[in-house]
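Hi,

Here is the structure I said I would pass on. Have a look at it first, and my notes follow below.

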Amino acid sequence: MNTFAPQAAKSFAVKPKLDPSGEELGELLEVSMGPHHPSTHGVFRMDVVLDGEKVVKLKPVFGYLHRNHEKIGENISYLASMPYTDRLDYFCSMTNNWAYALTVEKLAGLAVPERAEYIRVIMAELTRLQNHTCLIGFFVQDMGALGTPMMYAFREREKILDLFEEVSGARMMCNYMRFGGVRVDVNDEWIAKTKKVVADYSKFLDEFGTFLTENEIVLARTQFVGVLPKDLAINASITGPMLRAAGVNYDLRKVDKYGIYSRFNFQVPLGEHGDIYDRYMIRVLEMRESIKILDQALRDIPAGPVMDPKAKLRGFRPKAGEVYGRVEGPKGELGFYLISDGSPNPYRYRVRPPSFINLTILEDMCLGHNISDAVVILGSVDIVLGEVDR
Amino acid sequence: MIEEGLKNELQKQGVYVTTLEDLYNWGRANSVWPLTFGLACCAIEMMAASMARFDLARFGAEVFRPSPRQADLMIVAGTVTKKMAPLVVRIYNQMPEPKYVIAMGACAISGGPFKQGYNVLKGVDRYLPVDVAIPGCPPRPEALIHAIMTLQEKILNQKLTGPDRPRHLNADVPGEFPVPVYGKHDLEPSKNPAVWQPPVIQR
Amino acid sequence: METLEQIQTRLAAAVPSAKVEILANDCAAGERSLLVDAANGFAVAKFLRDDAQLLLDYCSNVTGIDWPDKEITEKIKVKQTVDGVEKEVEEVKKTLRPGYLEVVYHLYSMTLKHGPIVLRLRTGNRADQTHLPSLTPLWRGAEFQEREVYDLYGVLFDGHPDLRRILMWDEFEGFPMRRDYLAPDDFEYEPTPHDEVLEAAKKHYPTEVKA
């Protein structure tokens, strides 16, 4: 068998368009918007069937980045899985770390000192800021503004990445949280720098807002496009800014009150129509709320240790049992489900990925719209392939 | 060949003398256009390298072309999985000569932290010839800039005639590589023997 | 939210044929789970979703777990007559607990903001009785996750609208996340192998010169 023969191209196929009685009306075009495309979301493929320019059917295909993170998790110890959680949603490594650390702390009954809780909140909200900033940059690029908004977004992101690098050693894959606290302490200089970055961020948001929020092109392309109704959103297990844009008030920071979020005064912005413009505005408003939380946390952070003195990391063997822990990541509910059987490795290590589940209703949102809208709708879902495929 | 002293003298008078080889290589090296081929986390560092802080455009990598037909350089940034590998090879085949490959990050070099994977290709060099490899997980944008500079040095030092002339001037060496097919448990073939042989270990 | 025992009594009234068991969970903050037999899984899930006090409208997580056949050794004391004297002797008894595949659903309520209720369904065995009812008609969010459990574990969901592989390529055979899956041997080059990787690597190295 000649295994080197080129395969027949499956990307363009023409099908007949039938009316309900079976008569042929025209032609439908099947296009594979393949894993390699100019959009920046990663190796994600959509099999789209088009009637002219309108989308008739859309099936997402992924698995092009399936790196079997869960199988690796079963073969290595609990602590050794922490660097792998960085690489799940590679924009938000701090919240991934926190979700995993929270789950293991629930499993083993570890307590986290005050200062570590404040540091965790600061890191998580900084992560939320830089994630939403990048998302707006990518989302506007998907609409056609190639390059320039991304330059502004990445300029701000670099300031936050400098803070992360100073405290954990790496810009993106921080590997910073540990079971029972954080790895190293932050000093007063870092707190002062963070305060300055956060103070400048509001000005940056105002600048971005004047360019984008009342921009004619953004309004024309995003209002009433990709509408997600409230009931479908709940039934399809959508979480995160997409759910709140549809009008459902469910934010894990307020529902589960994990960490010390109950001490902070912030609101949960809600959308009304569930279209792309609402999702964009929700993210901008969430950034403003994050700045409020950061101001409060940076003001109130106490002195003290940053690791639980009773937590032992060598020979860590939690009792047999299972637990499900979740946090409000910037993309939605990130959960970890761990089953322990008393040995140093988990028996089952499962990641509940928000991007994967938020893709369930991609087809429903895109039907009837143009194919160019499908690209923008995908941009507003905010997926990261590292999380979708794990 | 012209000696350096004569060259400098002539330059002071406004006369530039060079060889055709140097001119040709200089033009190619300073205008390498990469293909947007980010697969995973390293793609974000690649994007950050092309942004305002670590500007990659000053090295000639002015525009990142989305279409392989218009690109010179494929920066394989991120883990290449077995599901994605046939597409990587097919896109490489679509690039016109002369073309180069930079394997960015530990995953593209050898599988990286995900090496114990049933779906992870243990290095993109199993199917494609790699010119520069950047270690790191993810490598900093400065490392990517260093890799582009290393590639530029490699291009500048290429000899256009003789047995080690580059591939696009040598009709005997193939520029297109066979595309693997999805098998039942693994890709078939699992590596391309013409491109990669497991090295002999001396212990 | 009410306790699992109260839910169990109300389930016994609503779906009488269901066999619902509460499983313990000994770790620090773990939640106990409801184990339901596969035949009545759909009816029980529908009750949990539609009941006015529970209203579990959000299916957060669907997980597949592989429990292979396990040999349980127990030491039991048996009375035996040895040399005419009745003594208690310790005997080692080995039982085989047959393996099965398990699917765990974490259910929350977005309207009433409570949860979680953990629902478990188990298959008959790991070989031929791997069918379970699909809960996708009740919670659309389970669609992709059940496809993933099918792809990686081999559980067939009856009633799923589109059951096909999601993460691996379509021509792939086998179920990779099972405990007895053997990954293909493509570790031809390892700079410093040891343990089982060394055994696998020895098959590949063409010549080895012992320094």
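To start inside chain B: how many residues of domain 1 of chain B are in contact with how many residues of domain 2 of chain B? Domain 1 puts in 6 residues and domain 2 puts in 8, where contact means heavy atoms within 4.5 Å.

Before the rest, some housekeeping. This is a predicted model, in which local features need pLDDT of at least 70 and side-chain atom pairs count only at pLDDT 80 or more, while totals for chains, interfaces and linings use all residues. Residues are numbered from 1 along each chain as its sequence is written, chains are lettered from A and ligands numbered from 1 in the order in which they are written, and side-chain values use heavy atoms, with hydrogens and water left out.

On confidence, the predictor gives the complex an ipTM of 0.87 and a pTM of 0.90. Chain C has an average pLDDT (the predictor's confidence in each residue, from 0 to 100) of 82, and 89% of its residues score at least 70.

Along the sequence they come in the pattern α-α-β-α-β-α-β-α-β-α-β-β. Taken along the principal axes, the C-alpha atoms of chain B fill a box of roughly 70 × 40 × 40 Å.

Domain 1 of chain B covers 1-30, and domain 2 covers 33-158 + 177-188, with bounds that come from an automatic or database domain assignment. Over C-alpha atoms, the centres of domain 1 and domain 2 of chain B are 33 Å apart. Together these two domains bury about 590 Å², and carbon and sulfur atoms give 47% of that. Buried area here is the accessible area (1.4 Å probe) that two parts lose on being put together, summed over both. B:Asn25, B:Arg28 and B:Ala29 account for 72% of what domain 1 buries against domain 2, more than any other three residues.

What about salt bridges: how many does the rule find across the interface of domain 1 and domain 2 of chain B? The count is 0, taking a salt bridge as a side-chain nitrogen of Lys or Arg within 4 Å of a carboxyl oxygen of Asp or Glu. The rule does find 6 residue pairs in polar contact between these domains of chain B (both at pLDDT 80 or more). A polar contact is a pair of N or O atoms within 3.5 Å; within protein, one must be able to donate a hydrogen and the other to accept it, and residues adjacent in sequence count only if both atoms are side-chain atoms.

Chain B against chain A

Here 41 residues of chain B are in contact with 35 residues of chain A. About 3600 Å² is buried between chain B and chain A, 65% of it on carbon and sulfur atoms. B:Ile44, B:Met51 and B:Phe114 supply 17% of the area chain B buries against chain A, more than any other three residues.

There are 4 salt bridges between chain B and chain A. In one salt bridge B:Arg53 meets A:Asp162, at 3.1 Å from N to O. Residue pairs in polar contact between chain B and chain A come to 11 (both at pLDDT 80 or more). On the chain B side, α3 (41-49), α4 (85-94) and β5 (181-182) each supply at least two residues, and α3(B) gives the largest share, with 5 residues.

Chain C against chain A

This contact takes 49 residues from chain C and 47 residues from chain A. The area buried between chain C and chain A is about 3800 Å², with 53% from carbon and sulfur atoms. The two chains share 6 salt bridges. A:Asp364 and C:Arg140 form a salt bridge, with their closest N and O atoms 3.0 Å apart. The rule also finds 25 residue pairs in polar contact across the interface of chain C and chain A (both at pLDDT 80 or more). On the chain C side, β3 (58-67), β6 (100-109), β7 (114-122) and α3 (142-153) each supply at least two residues, and the largest share, 10 residues, comes from β3(C).

Within chain A

Over all chains the salt bridges come to 57. A:Arg263 forms a salt bridge with A:Glu114, the closest N and O atoms being 2.8 Å apart. A:Arg263 lies in the loop between α10 (252-255) and α11 (276-300) of chain A and A:Glu114 in helix α4 (residues 114-142), so the pair ties together parts that are 149 residues apart in sequence.

Cheers

Terms used
Helices (H or I, at least four residues) and strands (E, at least two) are DSSP runs, numbered from the N terminus.
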